[in-house]
Amino acid sequence: MEIDKRITGKTGLTGVIGYPVGHSISPQLHNTVNKLTGADLVYVPFRVEPGELGRAVSGLKAIGIRGFNVTIPYKQEIIKYIDEISREAALIGAVNTVKNESGRLIGYNTDAEGFVRSFKEETGTGFKNSRVLVIGAGGAARAVALKIALEEADMIHLANRTLSKAMEIARVIRDNTRCRTECSDMEGLSDGGIIREFDIIINTTPVGMYPDIDKMPVDEKLELSDNQIVYDIIYNPPKTRFLLKAEQMGCRVVNGLGMLLNQGLAAYEIWTGRQLDGRVRDMLFTAFVKYFKRQEGFA
Ligand code: NAP
């Protein structure tokens with residue numbers, strides 16, 4: 001029998017806290033990255049019961065964790081328990097990555113960074129001077145919209161079922177960036193014409209996600225043109241009904257897998273100070289596309 005030497009007395013600890021965490025893909029992602037890069041780190045899921053976040057964070061600090069991710073439902077609440085927060089995470093109002101710097105916990109938001117990296121990699125373009133429609137106004141929308149505004153988009157239209165949530169994100173954008181904003185509820189989008197005004201359309205709602213793959217976040221009768229880019233942050237199915245319709249109308253379409261992988265890679269870079277080279281990134285992306293295709297329930 002061979003001795004397993006992957007974890008030794010010197011191995012650094014990283015992980016994810018959330019409730020639940022059983023569904024998280026982050027352990028597979030980070031441990032694969034560690035293996036590919038030879039980083040002496042292990043990544044473990046920590047299920048933190050409601051009401052236990054403060055004690056869990058003190059415990060992780062006490063045992064010298066290198067860093068950790070934060071997932072639902074703690075991305076906002078964690079801010080109370082850390083020592084410092086990046087400007088971007090403060091604007092977004094959510095932290096998904098924490099680095100332990102000699103006992104000081106610093107919070108970041110790599111969901112936003114992961115989204116922008118994925119968008120740029122997969123479309124070859126950015127947001128400067130663009131007109132963007134963001135559908136939804138939940139946690140992911142807030143990260144995505146703030147980041148796009150910081151990337152100097154000209155105008156962001158936020159459309160959400162609950163209008164007040166869209167208006168709140170718009171207020172933060174206006175108070176902190178030069179980006180113009182508009183808001184509407186979903187009925188405000190039902191005039192198909194309005195949707196053609198945007199260079200980029202991003203769905204941040206779960207509408208169309210497995211198993212409800214026949215649903216669309218916007219009217220079925222929408223009309224799009226081939227100079228528009230449509231990004232759906234859902235990655236299961238790999239092409240939502242919304243993306244399939246947009247593709248039929250000639251749009252460039254992108255799903256959320258790149259966002260998911262890039263937020264993890266950005267966290268790895270924060271913890272280790274190391275950048276992944278292009279070859280490692282490509283291997284990882286190919287491996288995860290295959291991995292998801294084999295998953296049960298992955299449409
Ligand atoms: P959230 O905070 O719960 O927000 C959900 C948003 O979707 C809200 O604006 C909500 O509207 C809207 N919504 C939900 N159901 C709807 C429906 N039936 N019709 C119309 N609008 C609806 O969730 P989140 O954290 O932002 O996550 C949203 C989605 O993004 C999920 O599918 C999640 O898996 C995905 N996501 C992907 C990544 C990635 O890396 N690719 C990262 C984060 C999240 P109301 O405000 O009116 O309730």
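I started at the ligand: one of its nitrogen atoms sits 2.9 Å from a polar backbone atom of Ile233. This is a predicted model, so I take these as computed distances.

**Ligand, continued.** I found a ligand oxygen 2.8 Å from a polar backbone atom of Ala137. I also found a ligand oxygen 2.5 Å from an N or O atom in the Thr162 side chain. On its own the ligand exposes 930 Å², and the protein buries 71% of that.

**Shell.** I got 19 residues around the ligand, and Ala137, Ala140, Asn160, Thr162 and Lys165 come nearest. I sorted the shell by class: nine nonpolar, eight polar and two charged residues. Helices α5 (139-150) and α9 (257-272) each put at least two residues into the shell.

**Salt bridges.** I then went after charged pairs. Side chains of opposite charge can pair when their charged atoms come close. My count for this model is 24 salt bridges.

I looked up Glu113 with Lys147, where the closest N and O atoms are 3.2 Å apart. Glu113 belongs to helix α4 and Lys147 to helix α5, 34 residues apart. Is Lys147 buried or exposed? Lys147 is buried, because its relative accessible area is 7% and the cut-off for buried is under 20%. Glu113 comes out as partly exposed, at 24%.

Next was Glu151 with Lys120, N to O at 2.8 Å. Glu151 is in the loop between α5 and β8 (155-159) and Lys120 is in helix α4, so this pair ties together parts 31 residues apart in sequence. Both ends I noted as partly exposed: Glu151 at 23% relative accessibility, Lys120 at 37%.

Lys128 counts as exposed at 56%, while Glu152 is partly exposed at 45%. I also traced a network in which salt bridges with shared partners join Glu88, Glu113, Arg117, Lys147 and Glu269.

**Back to α4.** I checked Thr123, which is in helix α4 (residues 110-123). What does the Thr123 side chain reach? I got the backbone oxygen of Phe119, at 2.6 Å. Thr123 is buried, with 9% relative accessible area.

**Surface.** Last, I looked for a nonpolar patch on the surface and found Met209, Tyr210 and Ile213, with about 260 Å² of accessible area together. Ile213 is in the loop between β10 (200-203) and β11 (229-232). I put Ile213 down as partly exposed, at 33% relative accessibility.

How values were computed. Residues are numbered from 1 along each chain as its sequence is written. This is a predicted model: local features need pLDDT of at least 70, side-chain atom pairs count only at pLDDT 80 or more; totals for chains, interfaces and linings use all residues. Side-chain values use heavy atoms; hydrogens and water are left out. A residue is near a molecule or strand if one of its heavy atoms lies within 4 Å of it. A polar contact is a pair of N or O atoms within 3.5 Å; within protein, one must be able to donate a hydrogen and the other to accept it, and residues adjacent in sequence count only if both atoms are side-chain atoms. Accessible areas come from the Shrake-Rupley method with a 1.4 Å probe; for residues, only the protein chains shown count as cover. Helices (H or I, at least four residues) and strands (E, at least two) are DSSP runs, numbered from the N terminus. Ala, Val, Leu, Ile, Met, Phe, Trp, Tyr, Cys and Pro count as nonpolar, Asp, Glu, Lys and Arg as charged, and the others, Gly among them, as polar. Patches are made of residues with over 30% relative accessible area and no salt bridge: like charges are joined within 9 Å, nonpolar side chains (Val, Leu, Ile, Met, Phe, Trp, Tyr) within 5 Å. A salt bridge is a side-chain nitrogen of Lys or Arg within 4 Å of a carboxyl oxygen of Asp or Glu. Buried means under 20% relative accessible area, exposed over 50%, partly exposed in between (1.4 Å probe, protein chains only).
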